Amino acid sequence: MSFFRYFALFAVLASTSSFADESLTIAVASNFQVTAKEIAAEFTAVTQIPTRISAGSTGKLYAQIINGAPFDVFLSADAARPKLLEENGLAVKGSRVTYATGALILWSADSELENQDCLAALKSGSYRWLAIANPLTAPYGSAAKEFLEAVGVFEKIESRIVYGENISQTLQFVVTGNATLGLIALSQVKGGLPVDASCSWNVPSTMHTAIEQQAVLLASSDNADAARRFMTFLQSAQVTTLLERRGYTVPE
Amino acid sequence: MSTVELNHSIQKGDFHLQVDTEIPATGVTGVFGESGSGKTTLLRCIAGLERSEDGFSQPVHQRRIGYVFQEPQLFAHLSVRKNIEFGMRRNPDATDQTDEVAGLLEVSHLLDRSTNDLSGGEAQRVSIARVLCQSPRLILMDEPLSALDERRRNEVLPYLDRLHAEWSVPIIYVSHNIDEICRLSDHLIVLDKGRVVAEGDLQTMLARIDLPQLGGRNAGAVLNVTQSRYDSEFDLTLFGFSGGEIWVPGQHHASSTRLRIRASDISLSRTPAESSTILNILPATIEATEPETSSAELVRLSLGDDCLVARITRRSLRRLELKVGDKVYAQIKSVTVRR
Amino acid sequence: MMDFGPLWLSAQLASVTTAILILLGAPLAWWLSQTRSRMQPVVQAIVAMPIVLPPTVLGFYLLIVLGPNGAIGSWWVKLTGDTLTFSFTGLVIASCIYSLPFAVQPMQNAFESLSKKNLEAAWTLGASKLDAFFSVAVPLSVRGFISAIVLAFAHTLGEFGVVLMVGGNIPGETRVVSIAIYDHVETLNYAAAHQLSLALIAFAFVTLFSMFLINRRWQSR
């Protein structure tokens, strides 16, 4: 390549990294993406600090982080991954907080369940598929399984369960009618769905382990000040109102 | 005598083929014309490979018409033998003539070879063998020699002669090469721009001097002759016909054959030359004359029941005051013998 | 002990899909290579679409169409009483669409490189179009068929996005090896992920190598 091309490439790279110095990169679990964008927008409005959101499955993001991905903050869908990062020294000690607690809802769009008792329908087992998130990979999934065991129907209907890779896919299965019933996130319903529910039932949070979504500040961040400000903002009253509106609860 | 009807009409872009004629149901019918005159298109219509406007809609594979292409079109995944048997296997009426046909075309020693190991001439002979074995009721040959070089062409020609002599299926032979036509055909169709310009018995057609397609370098008649004797001292063969006798260099074994004499190889004189090196000087009568170019004139001569065509300058025509009915002498410089 | 069930399932899926694609794809590839219809470029573009569409997009639309409310899925439920999605049959259908161009294009290319006159010669020798297809076109296109088999098989073996959408991750039915590896990574079970990946790579290599070896032997007959 000619000298000018080398120079141009250098200039582009240099300017890109200098841009990165200013804005905050936030890794967000996919199911929280929409809400995270709202929060980030309000943060920027208040602090003038620009943000960039990188969304993905929690497992994928975790793998990227332990392999040196340049994120500043990590908003996970669970508590396990942030805890691991803290133990491995990849997250700043003491920065781990629960930023939202999720809630489960039993939900159907199937017209045959119009105005029926959703919970009774679940227990009857007279449907082809019930969709839940994969208990191994998604906290909503393990909570759903715990709930099913708590009401004593898990073994009965186990063969009817179809597992979504994540809570979003679980929703897809239900909304497209492939699963008659699903255990999805309340935040998904509050966020607005393309079809109306035929029946629904809020799962009491006492029936399963809390779906704690935790955030950490990453040790490798070269934007620690801005990141800390974001973490604080995440727990502010302004964000609490936003989260509650979206179907999450916030720890005291 | 029974005939084969040829009725084909097709439009291809700017080109329109319109043929409505009959040909004899035996022997070889040559189709002659320059490139683009529709010769190949006609053959393809007869075979059903082109959608003719008012022709049959009978599918190609049911017509039992053999087709020899310019390039051999052998099936690369089959041996020579399996190629030859291909058509035969698909014709319940065909008997196994593989060995006989392979013998006729002298490809017997090639039967177990792969088609990749054949020379151009051998491959074309195999493709002809393949067509013969399918027992077609008509054989179409689309310039089968034009893809071969001179040597290979001369190698294959004798087999076509043999075919003509020994196989009774009618053949339509397309070529833009008048020598091939003269050697192999009995009947001739001349095509120009998709139309039949003239057709008839070969000898009669070649004696015509009014067809531009048969003029120029193509001009010249053929004679069907029988051998009288061979002169071993001077290595000359004497052939006789209704109008006289002609010496031809070399020893020729056929008792009857065909001679081709180009118009440019005949000159005329009113008196027989006495001390000339020209071997063949024959008395003839002028039957017709036709201007050919600004300097040349074609003359049809009758010798006995046969005809020859000569080209002379118009100046000579005028100077010698040659006219129809005059008795002259035809001085023949060169003769081509079939075989 | 390592669970190789998903690998076996993937192998089955790839085999069944490849077999169907060759049987149904060959006539399609033949039509595409021979026809002069105006629909040819349209059909050709449609066949190539699965290359362009992201697998998750393809999977999403299949989820709808093959689901119990969809055009095809509802008919299936009526016929069998079971859903097409979350079943092996559903995966086969999805895989056939996903890998369609990988099977059709090599066969089409092979057919297109056949000499038209060679086929005409076969017709004049008494072979019907179907006969000519089997006795001349197919033997001369073996390379294309082998290519099609290899590509369709490999492509289906590695399928992820589409299966993710319509499979439902049901062990023994739709939990193919790519999903299983993905799950191992998600649950931080990296050791299992490594093992299963290595098994997949070894299997794929042996299969592909064998096919190419067969191709080579066929060439030098």
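## Working through the helices of chain C

In helix 3 of chain C, the buried residues are C:Leu58, C:Gly59, C:Leu62, C:Leu63, C:Ile64, C:Val65 and C:Leu66. Here a residue is buried if 20 or more other C-beta atoms lie within 10 Å of its own, exposed if 12 or fewer, and partly exposed in between, with C-beta atoms placed from the backbone. Helices (H or I, at least four residues) and strands (E, at least two) are DSSP runs numbered from the N terminus.

The model is predicted: local features need pLDDT of at least 70, side-chain atom pairs count only at pLDDT 80 or more, and totals for chains, interfaces and linings use all residues. Residues are numbered from 1 along each chain as its sequence is written, while chains are lettered from A and ligands numbered from 1 in the order in which they are written.

**Exercise 1. Find what covers the buried residues of helix 3 of chain C, and check the span of this helix.**

Step 1. The cover includes helix 2 (40–52), helix 4 (71–80), helix 5 (88–112) and helix 9 (161–167) of chain C. Chain A also takes part, through its helix 8 (167–175).

Step 2. Now the span. The expected value is 1.5 Å times one less than the number of residues.

**Exercise 2. At what angle do helix 6 and helix 7 of chain C cross, and which residues make the contact?**

Step 1. The axes of helix 6 (residues 116–124) and helix 7 (residues 129–140) of chain C come within 10 Å and cross at roughly 135 degrees. Axes are lines fitted to C-alpha atoms, for helices over the stretch in contact, and angles run from 0 to 180 degrees between N-to-C directions.

Step 2. That angle makes helix 6 of chain C oblique to helix 7 of chain C. Angles under 35 degrees count as roughly parallel, over 145 as roughly antiparallel, 65 to 115 as roughly perpendicular and the rest as oblique.

Step 3. Helix 6 of chain C brings C:Asn118, C:Leu119, C:Ala122 and C:Trp123 to the contact, and helix 7 of chain C brings C:Ala132, C:Ser135, C:Val136 and C:Ala137.

Step 4. By class, this contact has six nonpolar, two polar and no charged residues. Ala, Val, Leu, Ile, Met, Phe, Trp, Tyr, Cys and Pro count as nonpolar, Asp, Glu, Lys and Arg as charged, and the others, Gly among them, as polar.

**Exercise 3. Follow helix 6 of chain C to its cover and to the side of chain C that touches chain B.**

Step 1. C:Leu119, C:Ala121, C:Ala122, C:Trp123 and C:Thr124 are buried in helix 6 of chain C. Their cover includes helix 7 of chain C, together with helix 1 (39–47) and strand 4 (65–68) of chain B.

Step 2. The contact between these two chains takes 13 residues from chain C and 18 residues from chain B. On the chain C side, helix 6 and helix 7 are the elements that give two or more residues, and helix 6 gives the most, with six.

Step 3. The chain C side divides into seven nonpolar, four polar and two charged residues.

Step 4. Just after helix 6 of chain C, C:Gly126 takes a positive phi of about 105 degrees.

**Exercise 4. Is B:Ile171 buried or exposed, and which residues does it touch?**

Step 1. B:Ile171 lies in strand 6 (residues 171–175) of chain B.

Step 2. B:Ile171 has 24 C-beta neighbours inside 10 Å, so it counts as buried.

Step 3. Leaving out residues up to four places away in sequence, B:Ile171 touches B:Val28, B:Ile139 and B:Met141.

Methods. Two residues are in contact if their C-beta atoms, placed from the backbone, lie within 7 Å.
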